[in-house]
Amino acid sequence: MLLDQIAQRLEPKALAPRCLVVDDDATVRHSIARVIELMGLSAMQAGSAEEGLERLAAEGEVPLIVSDVNMPGLNGLGFLEEIVKRYPDTAVIMLSGVSDVKTAVACLDKGALDYIAKPALIEEVRARVTKALEKRDLLLQKRFYQKNLELRVRVQAGRIKELFVQAVQTLAHALEAKDAYTSGHSMRVSRYAVQTAVRLGFTGERLEEIRLGADLHDIGKIGTREAILNKPGPLTEEEFAHITEHTILGERILAPLARENPTVLRIVRNHHERFDGRGFPDRLTGDEIPIEARIVCVTDAFDAMTTNRAYRASRTPQAAFEELERCAGTHFDPKCVQAFLEAFPDPSALPLLT
Ligand SMILES: [Fe+2]
């Protein structure tokens with residue numbers, strides 16, 4: 001408090017909230033400005049709306065403007081509209097003669113906080129100015145609170161999503177770890193997919209969606225019977241149909257991500273589509289298959305080929321490369337195969353360790 005008092009003594013006008021009084025009638029303008037100054041505020045004056053706008057442009061916005069309604073040139077209503085547009089945080093009180101009370105009331109609809117009828121009494125000006133400044137403070141506080149609240153809700157929603165993804169990832173990795181054949185599969189597929197996607201020009205959030213989608217691509221296998229997953233021999237038609245369902249179940253499990261991460265869901269649903277349209281579950285062809293799913297299809301196949309499975313031994317990375325190239329254009333998108341081979345030119349460095 002003491003510092004405030006010293007500061008006010010040194011330079012009272014510069015520290016006090018500034019107001020602008022606009023009226024073509026100099027007597028009225030001086031009187032209102034004087035009342036405002038006696039309240040401890042500083043008051044700039046302008047003889048017209050145009051001059052008022054110029055002063056604001058030159059000296060910056062003010063917390064409060066008191067403006068006449070009826071002025072030559074731009075009138076009070078037009079001036080108010082400009083102020084609302086350019087300085088939405090400024091409180092405006094209109095001054096009106098008896099004949100233009102209607103216009104003053106119309107100004108309230110356009111964003112003025114109050115109006116004072118002329119001839120204005122000193123006490124009335126004081127009371128209205130105080131009230132308008134208080135009202136403005138409340139509006140600013142409310143706006144700040146709302147913005148802050150929106151931010152907190154966004155942060156909270158992000159945290160909930162993060163927890164959901166972590167829980168699903170933990171579940172997926174735990175299921176894989178149970179089985180020596182598939183241990184680390186999703187994480188390797190994800191790492192292969194990210195580096196392949198980088199070769200294809202993916203960056204930022206789209207790349208992150210590929211990382212996550214590849215990591216969760218087989219989450220639907222939670223619902224696949226273990227006897228079928230680990231069956232050493234060929235599958236019956238019914239068993240194959242059962243396996244295909246993991247793509248649809250996976251998409252359903254990840255539904256909470258649908259709005260913000262639709263690509264993740266597309267990868268999970270469509271990573272078994274074939275370029276020639278003979279895949280599942282939607283039998284999409286070529287470019288109909290989301291590019292992110294086409295990438296994961298290649299890296300999923302490579303990892304499956306280069307790791308031992310219950311039903312067959314692994315191939316060498318070199319043999320898997322050859323198989324990818326052989327099936328480019330039928331099973332796989334040639335562009336994705338090419339990008340994968342460019343991303344991992346040295347087969348002796350593969351498979352990646354997780
Ligand atoms: Fe799969």
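Biologist: How many bridges join strand S3 (residues 64-68) to S4?

Modeller: Some conventions come before the reply. This is a predicted model, in which local features need pLDDT of at least 70 and side-chain atom pairs count only at pLDDT 80 or more, while totals for chains, interfaces and linings use all residues. Residues are numbered from 1 along each chain as its sequence is written. Helices (H or I, at least four residues) and strands (E, at least two) are DSSP runs, numbered from the N terminus. Two strands pair if DSSP finds at least two bridges between them. In general, strands of a sheet pair through backbone hydrogen bonds, either parallel or antiparallel. In this case, S3 and S4 run parallel and are joined by five bridges. Leu64 stands opposite Ala91 in S4.

Biologist: In what order do the strands of the open sheet stand?

Modeller: The order is S2-S1-S3-S4-S5, five strands with parallel pairing. S2 (42-46) and S5 have a single partner strand each and stand at the edges, so one side of each is left without a neighbour in the sheet. Direction ignored, neighbouring strands are turned by 20° against each other on average. Angles of this kind rest on axes, which are lines fitted to C-alpha atoms, for helices over the stretch in contact; the angles run from 0 to 180 degrees between N-to-C directions.

Biologist: What is the handedness of the β-α-β unit made by S1, helix H3 and S2?

Modeller: A crossover is right-handed if, with the strands pointing away from the viewer, the path from the first strand over the helix to the second runs clockwise. The unit of S1, helix H3 (residues 26-38) and S2 is right-handed. S4, helix H6 (residues 101-109) and S5 also make a right-handed β-α-β unit.

Biologist: At what angle do helices H11 and H12 pack?

Modeller: Helix H11 (residues 237-253) and helix H12 (residues 262-270) pack at about 160°, their axes 7 Å apart. Angles under 35 degrees count as roughly parallel, over 145 as roughly antiparallel, 65 to 115 as roughly perpendicular and the rest as oblique. H11 and H12 are therefore roughly antiparallel to each other. For handedness, a crossing is left-handed if the near helix is turned anticlockwise from the far one by less than a right angle, and right-handed if clockwise. H11 passes H12 in a right-handed crossing.

Biologist: Which residues of H11 meet those of H12?

Modeller: Two residues are in contact if their C-beta atoms, placed from the backbone, lie within 7 Å. Thr247, Ile248, Gly250 and Glu251 of H11 meet Leu265, Val268 and Arg269 of H12. These residues divide into three nonpolar, two polar and two charged. In this scheme Ala, Val, Leu, Ile, Met, Phe, Trp, Tyr, Cys and Pro count as nonpolar, Asp, Glu, Lys and Arg as charged, and the others, Gly among them, as polar.

Biologist: How does H13 pack with H14, and how does H8 cross H13?

Modeller: Helix H13 (residues 291-305) and helix H14 (residues 317-326) pack at about 140°, with axes 9 Å apart. Val298, Ala301, Phe302 and Met305 of H13 make the contact with Ala320, Glu323 and Leu324 of H14; by class there are six nonpolar, no polar and one charged residues. The axes of helix H8 (residues 185-199) and H13 come within 9 Å and cross at roughly 130°, which makes H8 oblique to H13. H8 passes H13 in a right-handed crossing. The H8 residues in this contact include Tyr192, and those of H13 include Val298 and Phe302.

Biologist: Which peptide bonds are cis, and where does phi take a positive value?

Modeller: Most residues other than glycine have a negative phi, and most peptide bonds are trans. Here the bond from Lys118 to Pro119 is cis, with omega near 0°; Pro119 is in the loop between S5 and helix H7 (122-177). A cis peptide bond also joins Leu350 and Pro351, with omega about -5°. Arg283, a residue other than glycine, has a positive phi near 50° and lies in the loop between H12 and H13.
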